[in-house]
Amino acid sequence: MDPSSDYANDPYTWEGLSGWKSYRTLRPFRGMYWDVRRRLPWYWSDIRDGFNYRTLAGTVRIFFINLLPALAFQLDMTRNTDGYFGINEALFSSALAALVFSTLSCQPLTVVGITGLISLFNYTVFAITEECGIRELYPEFIAWVSIWAAITHWITAICNWCDYMRYITDFSSNAFGMYVAIIYMVKGFQEVTALYYESNPMAAYLGVVIALCYFFSVVMLEMIGTTTLFTPSIRKFIADYAYPIATVWWTGFSHIRGHIRDSGLARIPHTRAFYPTTDRSWLVAFWTLPVKWVFVALPIGILLTLLFYYDHNVSSLTAQAKQFPLRKPAGFHWDFFLLGCTCFIAGIVGIPLPNGLVPQAPVHTDSLTEYKDTLTRSKEKDIEPEGSDWVQHSRKVVTATLVREQRISHFLMALALVGFMTGPLLNVLHTMPRALFAGVFWAVGFSGLTAMNITQNILYCLSEKRFADPSDKRTTLKKPRIMYYVFWQMLGVTFSLAVSFTRAAIGFPVIIISLIPLRWILLPRLFTEHELLILDAPTADADTVLASICGRPTLPEVRMAEEKRRQQGGDGEMGDGSGSGSTCGGTNGMRSREGFKDDEEKGLEGDEGREEARRGFQSTLQTGHA
């Protein structure tokens, strides 16, 4: 397939097929084949496009945002698995994923590593093995969980089931992102409270101070990118290197001579270079596990696949979200097959299973995006009070002009992670105070909380209506209806959190997955078409991304509204086909949804496009360049 292909008319479609050919499961490898065929012509471009400054900035930024949470979760797993997972396991897992996905994946922008959810999953399984009296079999048992997960990953990719990720909208992805962000915040508090049990009161108090200072430092440094301070280059530089600046500064602070250095601050533990933390080999003797427990591990492996199916693919969607001007195609089926391979390898060598990083997912893409600051002048005249003069305003409008889509930054991160498994750099890690990682949790979690539409909708509803921007489409909705929409999102978040802190935590992927049918079946019956078109939107809408998952489907509220208008004798017309179920929208392979959009949807999209052009790129703490 030529790089200049029209992805709106991609050949990968189930439309127009009949009989056994219309069933995804009966056409194995079809999605994987088209993913590779679509992306392979871009492979050398992925390498050539990596030789620029943004690649360097992206490498440094994503390295720290990957490494620091991985080490933080490792400390959490060490406490809850009797030390089975340690520093080298965390580094090995992150390096393995970075090496595989930087060289072989169709979506090299998606950063894969250790997440809070796999940490939670690992030590919940550890607690289950303790209660079942097989604590000594935990390495073999978790290895079989990983093997079963790998097999079900491969089945999912081969049977083209990743197509169903096209039904992901901001309703479910933001609810999941909110859940993950809250988990990060909770882990930060657990980390600082652990200091009081594992060190002296003076060291614990100093640790809390360092954690809070680190958190505020990162937030403030990244927010400089949203201001008009300095020049665009300096603003971007500070935002790019917020994490390394804060890490070096507060690590150095913890070594100031006197009471600070002598307080007994807990630091990252020492470990041998390239060896497992415990006295074992890198190969787990998984073949020695009794057959009974091999099959007990099967349903747990399926639950893990459900988690990764949503977590990893949502990470890929948000890394290629609509705010980024991407031009290279995605490949969900192939990458999920690769994730199965890393699950298998990680399981038999006894390291945490890596998968897509949700809060950090768009950070890599953002750090590789070229932004342009434009001066925009406008005139304003007050309506109330009357008689005021025209006043000229100057403001900054930020536009995302180009994304440096390449593999080099991801590959360099893999090499750096391997380098940190060497003795000298392990000694460098030992200099870092453990309290700093509580600040890491808070910084990553807080950036996720502020970026979610749940938070933005709650703040809008709490704000005084007369000061609302007239161009904000939410002004056409009643605030109780907006809060009712948020209620359904928070219901999923609350149930997931409630389950996560019990022994049933391994079942929380079922709750997360259930948000998809909730959005597509229940919500269109509770909200009007107008309300859902304003409050929700597909997480990714670019043809280059959606071509891999069979295109963007017709939204159910649009289809229902059209059907209602047609029954009432209105002028609404249904499109030529349906994008729901097991088929793709459009006819004759057409992937665009233009034929399915009604007047209201087209009108809202036009208004949103004009408003986006006026405002420019909207910043969050995850987009420090804005």
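Asn160 lies in the loop between α6 (138-158) and α7 (170-198), where helices are DSSP runs of H or I of at least four residues, numbered from the N terminus. Its phi is positive, about 70°, although Asn160 is not a glycine. Asn160 counts as buried, because its relative accessibility is 0% (buried: under 20% relative accessible area; exposed: over 50%; partly exposed in between; 1.4 Å probe, protein chains only). The model is predicted, so local features need pLDDT of at least 70 and side-chain atom pairs count only at pLDDT 80 or more, while totals for chains, interfaces and linings use all residues. Residues are numbered from 1 along each chain as its sequence is written, and side-chain values use heavy atoms, without hydrogens and water.

A positive phi, near 60°, is also found in Phe230, a residue other than glycine. Phe230 is placed in the loop between α8 (201-223) and α9 (232-240). With a relative accessible area of 52%, Phe230 is exposed.

Helix α8 packs with α10 (residues 242-253) at an angle of about 155°, and their axes are 9 Å apart (axes are lines fitted to C-alpha atoms over the stretch in contact; angles run from 0 to 180 degrees between N-to-C directions). The two helices are therefore roughly antiparallel to each other, a term for angles over 145 degrees. Residues in the contact (heavy atoms within 4.5 Å) include Leu206, Ile210 and Tyr214 of α8 and Ile245, Trp250 and Phe253 of α10. The contact residues divide into twelve nonpolar, two polar and one charged (nonpolar: Ala, Val, Leu, Ile, Met, Phe, Trp, Tyr, Cys and Pro; charged: Asp, Glu, Lys and Arg; polar: the others, Gly among them).

Notes: Parallel < 35°, antiparallel > 145°, perpendicular 65-115°, else oblique.
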